[in-house]
Amino acid sequence: MSNDPLLQPYQLKHLTLKNRFMITSHEPAYPEDGMPKERYRAYHVERAKAGVALTMTAGSASVARDSPPVFNNILAWKDEVVGHMKALTDACHDEGCAVMIQLTHLGRRTRWDKADWLPVVSPSHEREASHRAFPKKLEDWDISRIIEDYVDAAERMKAAGLDGVEIQAYGHLMDQFWSPLTNDLEGDYGGSLDNRLRFTFDVLQAIRERCGDGFLVGVRYTGDEDLPGGLTKEDGLSISHKLRDSGLVDFLNVVKGHIDTDPGLTDVIPIQGMRNAPHLDFAGEIRAATQFPTFHAAKIPDVATARHAIASGKLDMVGMTRAQMADPHLVRKVMEGREDDIRPCVGANYCLDRIYQGGMALCLHNPSTGREIEQPHAIAKAESKKRVTIVGAGPGGMEAARVAAERGHEVNVFEAADAPGGQIRLTALQERRREMMSIIAWRYDQCVKMGVNFHFNVFADADDVVVTTPDEVIVATGGLPHTEVLGEGNNLVVSSWDILSGDVAPGKNVLVFDDAGDHAGLQAADLISERDGRVEIVTPDRSFAPEVMAMNLVPYMRNLQKRDTVFTVTWRLKSVAREGNRLKALLGSDYGDMTRERIVDQVVVNHGTRPLDDLYFDLKPKSRNLGEVDYEALVAGEEQAVERNADGAFRLFRIGDAVSARNTHAAIYDALRLTRCF
Ligand SMILES: Cc1cc2nc3c(=O)[nH]c(=O)nc-3n(C[C@H](O)[C@H](O)[C@H](O)COP(=O)(O)O)c2cc1C
Ligand code: SF4
């Protein structure tokens, strides 16, 4: 047996967990009609098969009608949940993986205009900034009703065969009771800490009475709100002891911080550029103080840190949640001594940011996550070997190369630069976004292991491609910034890429016209302001940088606000003219004929890219399919069969920004679903 601390079993009361890896509760927003159906089950079973010891399903599964989901959570208040959870649990149990679920009432962390339009409730009228609802202050009948709801939900999970439940207590109703900032009830449930904890213990007591000792119960809670006037670390320690001493809980799952604002949430669940494992020591302190089973997750992205967390006795079970979203087979790779093959989580938080915008959680660089059924993680070997030529070694091209090599094909990749990366190289030049480069580095390593032939410093033309006598050609040449958007003065502006690459030095007084609303605009503004430039970001949109999304916005705002950046929404840059040795920028509005002027020394335009597609059009007449894609086959995961030119020597496809400006996920997804059928 291995002596890896991560692979040692852990005894949680009567339950033997086969190793120390867990997936903490996270709602990927995959439910259909509020229920965890096939997609949901496939997601968890994939990870169970790979060896994770415990999967904490859901994330904020709702126990009551007046806790409507904010990101498509499981409706644990419906009886029909039992059948779906049983199917999921049975399938995971078959793989030796324990299953629990996180239950919650969101309290004020939701909205009244969802589902049944019931009032949002909380122990005070204080509004939560993120969800904006002004809550109704709980009455006695609300409290007893919701206690009952928790217990009914727990009982449903017991009936479904789960090993236990976890009660969520950070930012939700449970700890809205705890925190002095959100509880101004009078009487038994407000005032002293013991009174503020009463609701929690009422719920736990009732669950124990109904579900018995054989059903595991834990609490995931904040041990320090890190907020003036909120729960302190001393409160957290005191709560930890009270939970342990109650005899009503079997494990503690510790977090640190508060989630009522986007910056608060981002400190609890750090994103790329932020410190790894920032709250691990804190969780370790709680374990040391309580000597009680302690779980924890917060940006422990690599196996070495996870191993340290267990070996040093800071944790009993280590959560690697996003890490297993990015690589569902992480545990198996550890068991097989293949840690180098793990697809790394780069902390891009595309997964989380999407759910807060109503989408399903998707991993920026693993398009099979959440699509386990239609785009399985495993790539099957092809029946016959082909020659595949790829032009462009950005994320799309690299994914195509990786997948084609996994299929067993002979693969040639041409790249104009001296190294792979494409647009990601530019992104990752900024220290804060350096982790993005692992998207490329992992693929490059995999490709090299599988014998892909890379040709760097080659600006491939049609002849270079034809000479490789390919069966399949993929053009993944990306795009170039498009800045020709002005009535006058296009020659006077620079692109966001010019700033990011360092080709153009940042100005001192700069207008950034951001019409794409993506990372490049904010990243350029960040870089300019870092070098003491004064920046005004102008956008015709209603809000700035809409493509960047909530948690990704946080590090930018921390920098930009500190440096007095001005944000001007609903204005459009119309023209730029010289004014002495400066520039005059004319702003107009889509709302009328209003205009404004700005005098600056640099204008940066961020307006996405236009495809770099000359090579594609040169190759098109030489191809069998004339570049045509059968979308039905593409979506169904079937081989492309379009034949338009009997004289064509190869099939030709283009992907990613070489088609139109999109994002990294789109480019990689294009590559995966085309290439896996070659
Ligand atoms: C898509 C997504 C949804 C999440 N939803 C929840 C949730 O509902 N409840 C919860 O306690 N944590 C939730 N989390 C937080 C995770 O459980 C975990 O604490 C966090 O991702 C940090 O751990 P990691 O760095 O290992 O991913 C969510 C995380 C993700 C990525
Ligand atoms: S989207 Fe980013 S943070 Fe989320 S799992 Fe994928 S790599 Fe990790």
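**Figure 1. Lining of the second largest pocket.** By residue class, the lining of the second largest pocket comprises 11 nonpolar, six polar and five charged residues. The structure shown here, as in every view below, is a predicted model. The space in this second largest pocket amounts to about 480 Å³. Its lining is made up of 22 residues, among which Ser 130, Asp 262, Tyr 356, Gln 357 and Ala 550 are the closest to the centre of the pocket. Two helices, α7 (262-268) and α19 (550-562), each contribute at least two residues to the lining of the second largest pocket.

**Figure 2. The largest cavity.** When the whole structure is searched, two cavities of 30 Å³ or more are found. The largest cavity, shown in this view, has a volume of about 600 Å³. A total of 43 residues line the largest cavity, and those closest to its centre are Ser 25, His 26, Arg 220, Ile 269 and Leu 352. Two or more lining residues come from each of the elements β4 (54-62), α7, α10 and α12. Of the contributing elements, α10 gives the most to the lining of the largest cavity, namely four residues. Sorted by class, the residues that line the largest cavity are 25 nonpolar, 12 polar and six charged.

**Figure 3. The second largest cavity.** A volume of about 110 Å³ is found for the second largest cavity. The lining of the second largest cavity consists of 15 residues, and Cys 345, Ala 348, Cys 351, Cys 363 and Leu 364 are the closest to its centre. Both α10 and α12 supply at least two residues of this lining. The largest share comes from α10, with three residues. In terms of class, 11 nonpolar residues, three polar residues and one charged residue line the second largest cavity.

**Figure 4. The shell around ligand 2.** The ligand is surrounded by 13 residues, of which Cys 345, Ala 348, Asn 349, Cys 351 and Cys 363 are the closest. At least two residues of the shell around ligand 2 are provided by α10 (321-326), and at least two by α12 (350-355). Nine nonpolar residues, three polar residues and one charged residue make up this shell.

**Figure 5. The five-stranded parallel sheet.** Five strands form an open sheet in the order β15-β14-β13-β16-β27, and their pairing is parallel. Because β15 (453-455) and β27 (651-654) lie at the edges and have a single partner strand each, one side of each of these two strands is left without a neighbour in the sheet. From one strand to the next, the twist of this sheet averages 15 degrees. Strand β16 (residues 472-475) runs parallel to β27 and is joined to it by four bridges. Within this pair, the residue opposite Ile 474 is Phe 653 of β27.

**Figure 6. The three-stranded antiparallel sheet.** An open sheet with antiparallel pairing is formed by three strands in the order β22-β23-β24. At its edges stand β22 (572-579) and β24 (592-600), and each of the two pairs on one side only. In this sheet the average twist from one strand to the next is 20 degrees. Seven bridges connect β22 with strand β23 (residues 582-589), the two strands being paired in the antiparallel sense. Across this pairing, Ala 577 stands opposite Lys 584 of β23.

Terms used:
Residues numbered from 1 in each chain as written. Chains lettered and ligands numbered in written order. Predicted model: local features only at pLDDT ≥ 70, side-chain atom pairs only at ≥ 80, totals over all residues. Heavy atoms only, no water. Pairing = 2+ DSSP bridges. Axes fitted to C-alpha atoms, helices over the stretch in contact; angles between N-to-C directions. Near = heavy atom within 4 Å. Nonpolar A, V, L, I, M, F, W, Y, C, P; charged D, E, K, R; others polar. 1 Å grid on protein atoms, 1.4 Å probe; cavity = no way out; pocket = protein on both sides within 12 Å on 5 of 7 lines; lining within 4 Å. Points joined across faces, edges and corners; volume = space filled by probe spheres on them.
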